[in-house]
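Please consult the sequence and the structure shown below alongside the text.

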Amino acid sequence: MLIKKIFFVFLETLRFYPPAVATDRICHIDYKIPGTDFVLKKGEGVLIPILGLHHDPEFYPQPEKFNPERFSPKNKNKINPYAFLAFGQGPRNCIGELYQFFAMHSYGHDQFLKLEFLFI
Ligand code: HEM
């Protein structure tokens, strides 16, 4: 269970301090944003503010509170997958995402082996 908790801490750290604060896309077709009159024109760039989304109270209640429990199995289904963009989303998302998770797991195990348990 401790290993899983370390994993929640890892995800919450990426939410709190995303190493990539923004990403971008180029629009390939004219696209009217639903519910608005705003049209993105073909060829225009769109900047997606990862840091801003990760600290938006609409997606994360009490966003300035560091709370790894947001990512526990009980709570993680409340997170909109397009509001957690530490590794981006879609066909051009980060190819290193899985590698990072494996690296974190082995780091977590390594640290776990170094822990000393005190039974009182
Ligand atoms: C904690 C570590 C990392 C974070 C937070 C991270 C984050 C990101 C983000 C936000 C993007 C943009 C995704 C998008 O726009 O949808 C990206 C793209 C990318 N990342 Fe990572 N990355 C990490 C590690 C790595 C590693 C280890 C590799 C290589 C082994 C890697 C390779 C790439 C590549 C090649 C892209 C461009 C993908 C494309 O344009 O199709 N990243 N990364």
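The model is predicted. Its protein chain has an average pLDDT of 90, and 88% of the residues score at least 70. Among the elements of the chain, the mean pLDDT is lowest in helix α3 and highest in helix α2.

| Element | Residues | Mean pLDDT |
|---|---|---|
| Helix α2 | residues 50–54 | 98 |
| Helix α3 | residues 97–114 | 76 |

Where pLDDT is low, the predicted coordinates should not be read in detail.

The ligand is surrounded by 15 residues, of which Ala 20, Thr 23, Gly 88, Cys 94 and Gly 96 are the closest. Sorted by class, this shell holds seven nonpolar, seven polar and one charged residues.

The largest nonpolar core consists of six residues: Leu 14, Ile 50, Leu 53, Phe 84, Leu 85 and Ala 86. Apart from residues up to four places away in sequence, Phe 84 touches Arg 15 and Ile 79.

Leu 47 belongs to strand β4 (residues 45–48). Leu 47 counts as exposed because it has 9 C-beta neighbours inside 10 Å, and the cut-off for exposed is 12 or fewer. Beyond its neighbours within four places in sequence, Leu 47 contacts Ala 22 and Asp 24.

Gln 62 is located in the loop between α2 and α3. Its phi is near 45°, a positive value in a residue other than glycine. Gln 62 is exposed, because 9 other C-beta atoms lie within 10 Å.

How values were computed: Residues numbered from 1 in each chain as written. Predicted model: local features only at pLDDT ≥ 70, side-chain atom pairs only at ≥ 80, totals over all residues. Near = placed C-beta within 6 Å. Nonpolar A, V, L, I, M, F, W, Y, C, P; charged D, E, K, R; others polar. pLDDT = per-residue confidence, 0-100. Helix = DSSP H or I, 4+ residues; strand = E, 2+ residues; numbered from the N terminus. Core = buried A, V, L, I, M, F, W, Y, C linked by C-beta atoms within 7 Å. Buried ≥ 20, exposed ≤ 12 C-beta atoms within 10 Å, placed from the backbone. Contact = placed C-beta atoms within 7 Å.
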